Amino acid sequence: MAQPKVIVIGNEKGGAGKSTLAIHVGAALLHGGAKVSVIDLDVRQQSMGHFFAHRRAWLDANGVTAPMPVEHPLEASLAKAPEDEVLGRFDAAFAEAEASDFVLIDTPGSDTALSRMAHNRADLIVTPMNDSFVDFDTLGVIDPVTLELKRPSLYSETVFESRKRRMAADRSSIDWVVLRNRLAPSEARNRRRLEERVQTLSRRVGFRVGAGLRDRVIYRELFPFGLTVADLSSSVRPVEVSLSHVAARQELRSLLQFLGLTDEETG
């Protein structure tokens, strides 16, 4: 049996858009015909788990269908469980998930043994960041006087260690992509400074840089229903559709192409 592609959405900072990105990538893969397993490692917040619970409830209430992932939930009680128990539970969930085409893992905004283990299993690590130096701090440390890059962050070192272990274990590589979310429309000086530092760090530690999801109203409107722009159709339409929704759908398609998760691969 072919091994699934393991996608880890990772960033040690909260509010960067990890869960939003995870649910949109997951929904797009499902609509591409793939079998997708999802594991939410943020056992306290469980944003991705709540999203798909809302999806199931909305679809049932409206008598319509849309593709669903295979969920492998981790109990909230694991937040206070011993580390060995937590890692063992993740191992069991991951083993079940391997029957899918893709295993999509959403991680918490903190450094945990569970998150590090997930990173070690990844084929693709996707790190969203808001377009600001506040979020860049999770990737690299800059000089407060010159704003020059001093060194990679602890999270960047975590990804480096995961990639090193993977290469030593089976001579394969982990693709790392940093997505700049919520890009400002104007070319402000601060944005140009940030762009330069991101590119410098990408050359130093080896990640690809791309555009994530803009701060669109439609993404927030659909979330309570457990839906994304990929789900909108003549029968699935909880909000009025406009041209902005068409742009959002194209944005999502472009994102999947950049990540290497195209329709050809999922079909």
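The dialogue below sets several descriptions of this structure against their definitions.

Tutor: This is a predicted model, in which local features need pLDDT of at least 70 and side-chain atom pairs count only at pLDDT 80 or more, while totals for chains, interfaces and linings use all residues. Residues are numbered from 1 along each chain as its sequence is written, and side-chain values use heavy atoms, with hydrogens and water left out.

Student: What makes strand β5 largely enclosed by the rest of the structure?
Tutor: Buried means under 20% relative accessible area (1.4 Å probe, protein chains only). Strands are DSSP runs of E, at least two residues, numbered from the N terminus. In β5 (residues 124-130), 7 of the 7 residues are buried, so the strand is largely enclosed.

Student: How do you know that both faces of β5 are covered?
Tutor: Leu124, Val126, Pro128 and Asn130 are buried on one side, and Ile125, Thr127 and Met129 are buried on the other.

Student: Why is β5 called paired with β8?
Tutor: Pairing requires that DSSP find at least two bridges between two strands. β5 and β8 (residues 175-181) share 7 bridges in the parallel sense, so they pair. Pro128 lies opposite Leu179 in β8.

Student: How many bridges join β1 to β5?
Tutor: Strand β1 (residues 5-9) runs parallel to β5 and is joined to it by 3 bridges, with Val8 opposite Ile125.

Student: Which residues does Leu259 touch?
Tutor: With contact meaning heavy atoms within 4.5 Å, Leu259 touches Val25, Leu124, Val126, Val177 and Arg208, not counting residues up to four places away in sequence.

Key
Buried means under 20% relative accessible area, exposed over 50%, partly exposed in between (1.4 Å probe, protein chains only). Helices (H or I, at least four residues) and strands (E, at least two) are DSSP runs, numbered from the N terminus.
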